[in-house]
Amino acid sequence: MQYKHYFIVAGSTLQYNFVQEVKKAGFIVHVFDYDPNCKCAKIADFFHCISIDEKEEILKIANIYKPVAIQTVACEVGNISACWVGEKLGLNNNSYETALNTTDKSKMKDIFTEHNIANAKYKKFNKGEMIDVSNINFPVVVKPSDRSAGRGVTLVKNELELKQAVEMAYKESYSKTILIEEVMIGAQYSIETITSNGKHQIVAFTEEYLDGTENFIENQQMIPARLKPQEAEKLETFIYKILNAFQIKFGCCHIEVKNTEQGFKIIEIASRMGGWRDVLVKYALGINYNKLLLDASLGLTPQVEHQSSNYALVKMIFTKKEYDFYVKLKQECPEKIVHDEVTQYNDEQTKCLADAKGFYYISIPQSENIDYYIKGSI
């Protein structure tokens with residue numbers, strides 16, 4: 001049997017399950033990450049201590065080992081590098097242009113407009129460009145054009161808050177481009193999809209919850225979302241339109257939307273798996289999302305089949321109250337917590353999703369009251 005090499009860009013906790021899945025399938029796994037102590041370094045067959053944005057260096061190594069596929073999970077920069085290398089090698093990836101279009105929010109907005117996809121009204125500014133405050137209707141959301149996980153995102157209620165929010169967004173932005181958007185009101189959802197050879201399938205609808213601060217940080221997510229049948233049908237049609245507009249051909253997508261009074265509006269799309277989604281999908285629906293991604297990356301047709309019907313909830317810990325609720329659950333009903341990675345709580349300031357002090361997953365039958373666990377730390 002000829003050995004087959006598989007490249008995975010990024011090696012943190014979020015990529016760990018995918019590395020295990022690819023290894024289980026019999027591939028020789030190469031992991032790329034700048035951190036020699038990253039979690040996946042310990043289980044990779046080959047670990048390359050290379051920053052995930054050094055796509056040219058990754059390509060040099062790919063030309064040696066001739067991988068059958070290159071992928072990442074829940075990593076924006078890793079996805080850009082994987083698509084760039086994959087395109088050079090003719091592998092089953094989205095185009096490099098698609099990776100950029102699903103990372104840079106300015107490019108996203110242009111495609112939303114071109115394809116008449118409902119989204120928040122916005123204005124785009126480059127570093128040094130004057131912002132005419134008289135044309136801004138507060139409140140607004142200020143965000144960097146090219147970051148994820150809530151970095152540099154702020155709710156601004158007046159002119160006094162605008163300057164600081166703009167400075168923070170420019171500081172976080174690689175391209176020094178920011179967006180000032182209207183605030184969309186409504187329940188927030190994400191949609192997890194899988195595509196192979198241009199054929200799309202929806203894997204799950206996710207309820208998303210924000211922490212209520214001005215940084216719009218997601219502190220918990222649940223599958224399946226409690227949508228009415230007609231809502232799910234409308235959302236499915238909306239999602240397929242988005243996937244086609246962005247020319248998604250392979251792999252996972254994570255699409256966030258708001259259900260407003262005017263209907264569903266897109267927040268953003270990422271052409272990679274969302275963080276924590278593989279575990280949520282597993283415990284809620286009995287679906288191996290990592291296997292679906294592996295199959296798609298090999299050009300196969302993934303089979304999306306629901307095997308169970310539980311609620312699965314992931315809760316991130318940012319505050320002392322959230323940590324105390326986690327401790328309470330560990331004491332009173334530890335069987336409900338199916339996996340946890342929680343560090344000792346500290347009072348460091350929270351600015352984005354990456355500042356979480358850990359996270360844990362709860363899984364219960366849909367016959368039980370999930371609202372207790374959702375609201376327990378609010």
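## Phe32 and its strand

Phe32 sits in strand E2, which covers residues 28–32. Helices here are DSSP runs of H or I with at least four residues, strands are runs of E with at least two, and both are numbered from the N terminus. This is a predicted model, where local features need pLDDT of at least 70 and side-chain atom pairs count only at pLDDT 80 or more, while totals for chains, interfaces and linings use all residues. Residues are numbered from 1 along each chain as its sequence is written, and side-chain values use heavy atoms, with hydrogens and water left out.

Is Phe32 buried or exposed? Phe32 counts as buried because its relative accessibility is 0%. (Buried means under 20% relative accessible area, exposed means over 50%, and partly exposed lies in between, using a 1.4 Å probe and protein chains only.) Leaving out residues up to four places away in sequence, Phe32 touches Phe7, Ile8, Val9, Ala10, Gly11, His48, Ile50, Ile52, Ile58 and Ile61; contact means heavy atoms within 4.5 Å. Take Ile52: it is 20 residues from Phe32 along the chain, and their C-alpha atoms are separated by 6.3 Å.

## The parallel sheet

Strand E2 belongs to an open sheet of four strands, ordered E3-E2-E1-E4, with parallel pairing. Two strands pair if DSSP finds at least two bridges between them. At the edges are E3 (46–48) and E4 (69–71), each pairing on one side only. Ignoring direction, neighbouring strands of this sheet are turned by 20 degrees against each other on average. Axes are lines fitted to C-alpha atoms, for helices over the stretch in contact, and angles run from 0 to 180 degrees between N-to-C directions.

Strand E1 (residues 5–9) pairs with E2 in the parallel sense over five bridges. Within that pairing, Tyr6 has Val29 of E2 as its bridge partner. Helix H1 lies across E1, E2 and E4, running at about 175 degrees to E1. Helix H3 (residues 76–89) packs on the sheet too, touching E1 and E4, and its direction makes about 160 degrees with that of E4.

## H1 meets H9

How do you describe two packed helices? Use the angle between their axes and the distance between the axes. For H1 (residues 13–24) and H9 (residues 289–297), the angle is about 60 degrees and the axes are 9 Å apart. That makes H1 oblique to H9; angles under 35 degrees count as roughly parallel, over 145 as roughly antiparallel, 65 to 115 as roughly perpendicular and the rest as oblique.

On the H1 side, the contact is made by Asn17, Phe18, Glu21 and Val22, and on the H9 side by Asn290, Lys291, Leu293 and Leu294.

## Leu298, past H9

Where is Leu298? It is in the loop between H9 and E14. Leu298 counts as partly exposed because its relative accessibility is 28%. Setting aside neighbours within four places in sequence, Leu298 is in contact with Tyr6, Phe27, Val68, Ala69 and Asn92.

## Strand E16 and its partners

Strand E16 (residues 358–365) is mostly covered, with seven of its eight residues buried. Strand E14 (residues 310–316) runs antiparallel to E16, and seven bridges join them.
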